[in-house]
Amino acid sequence: MPGLVDWSARMQEMAQFVGLSPEEVELVRSTGPLVLAHAEALTSAVYEHFLQFPEARRFFLTEDGQVDQERLARRKHSLVWWLRNSIEFKVAEEFPVQLVATAVVHSHPPTHRAHLGSVPARYMIGTISFAQTALAQLLRQEMPDPGLAWRAAVAWNKMLMVQLDLLLASYVTEQPTAPTATPHLERSEQTP
Ligand code: HEM
């Protein structure tokens, strides 16, 4: 991960790249009360899903291999916190840095969790996809205007993708191939 990054600027650029408009951010905000009214069901669904996959499940087990209900409750609480911040989506404030900090907690486990290693990056991607689908279903079920529900789901999808960029920032090597000093010329471009 690069040393000094303006995460807020990066997030704003990603929002532009995926075409997340200010109107769509407002639309996401307007769904806040509805989404938060179902926060418990949403977060429970996420963790029930995690528990079906052994490589994800192992992060939520006690030493004797039972599901650690206390840890699960703490993590559900974290996800509700994340949902609230997602709805507010304050790109110009501390939210982008909090997302990168959240990414680091997953990619670089703290000492008390070091023996488990990193949360696999694919599960970060999978969680965002799972959340997108669950939210789209919720909006379709709960919003009386299907057209508006569809637009709100599109807005949530884009907004969650913008977040995924930061949630993967501590995993991704930005340049797997560094630029070379001299441009590589195709044979036809080379002078004889
Ligand atoms: C969209 C994806 C995810 C988000 C937004 C998210 C969010 C969070 C947040 C906000 C925390 C609290 C961080 C803190 O206390 O500083 C946390 C902790 C944690 N998450 Fe996630 N999480 C995601 C995916 C996952 C996945 C896929 C797993 C495992 C399969 C996972 C396992 C954990 C664990 C084990 C902790 C505890 C870290 C610790 O305190 O040592 N998370 N998560």
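Two residues are in contact if their C-beta atoms, placed from the backbone, lie within 7 Å, and in that sense Ser 8 touches Val 91, Ala 92 and Pro 96, with residues up to four places away in sequence left out of the count. The model is predicted, and its chain holds nine helices and zero strands, so that reading along the sequence gives the pattern α-α-α-α-α-α-α-α-α.

**The chain as a whole**

- The C-alpha trace of the chain spans about 70 × 50 × 30 Å along its principal axes.
- Of the 192 residues in the chain, 19% are buried.
- When contacts in the chain between residues at least 6 apart in sequence are considered, 75% of them join residues that are at least 24 apart.

- Ser 8 lies in helix α1, which covers residues 7-18.
- Because 16 other C-beta atoms lie within 10 Å, Ser 8 is partly exposed, a class that falls between the 20 or more such atoms of a buried residue and the 12 or fewer of an exposed one.
- Although Ser 8 and Lys 90 are separated by 82 residues in sequence, their C-alpha atoms are 9.2 Å apart in space.

**The shell around the ligand**

- There are 19 residues around the ligand, and those that come nearest are Ala 56, Phe 59, Ser 78, Tyr 123 and Thr 127.
- The elements that supply two or more residues to this shell are α6 (69-88), α7 (95-107) and α8 (121-142), and the largest share, five residues, comes from α6.
- By residue class, the shell around the ligand consists of 13 nonpolar, four polar and two charged residues.

**The packing of α8 and α9**

- Helix α8 packs with helix α9 (residues 146-167) at an angle of about 165 degrees, and their axes are 9 Å apart.
- Since angles over 145 degrees count as roughly antiparallel, α8 is therefore roughly antiparallel to α9.
- The crossing of α8 and α9 is right-handed.
- On the α8 side, the residues that make the contact include Met 124, Ile 125, Ile 128, Leu 135 and Arg 140, while those on the α9 side include Pro 146, Ala 149, Trp 156, Asn 157 and Leu 167.
- The residues of the contact of α8 with α9 comprise 15 nonpolar, two polar and one charged.

Notes
Residues are numbered from 1 along each chain as its sequence is written. This is a predicted model: local features need pLDDT of at least 70, side-chain atom pairs count only at pLDDT 80 or more; totals for chains, interfaces and linings use all residues. A residue is near a molecule or strand if its C-beta atom, placed from the backbone, lies within 6 Å of it. Helices (H or I, at least four residues) and strands (E, at least two) are DSSP runs, numbered from the N terminus. Ala, Val, Leu, Ile, Met, Phe, Trp, Tyr, Cys and Pro count as nonpolar, Asp, Glu, Lys and Arg as charged, and the others, Gly among them, as polar. Axes are lines fitted to C-alpha atoms, for helices over the stretch in contact, and angles run from 0 to 180 degrees between N-to-C directions. Angles under 35 degrees count as roughly parallel, over 145 as roughly antiparallel, 65 to 115 as roughly perpendicular and the rest as oblique. A crossing is left-handed if the near helix is turned anticlockwise from the far one by less than a right angle, and right-handed if clockwise.
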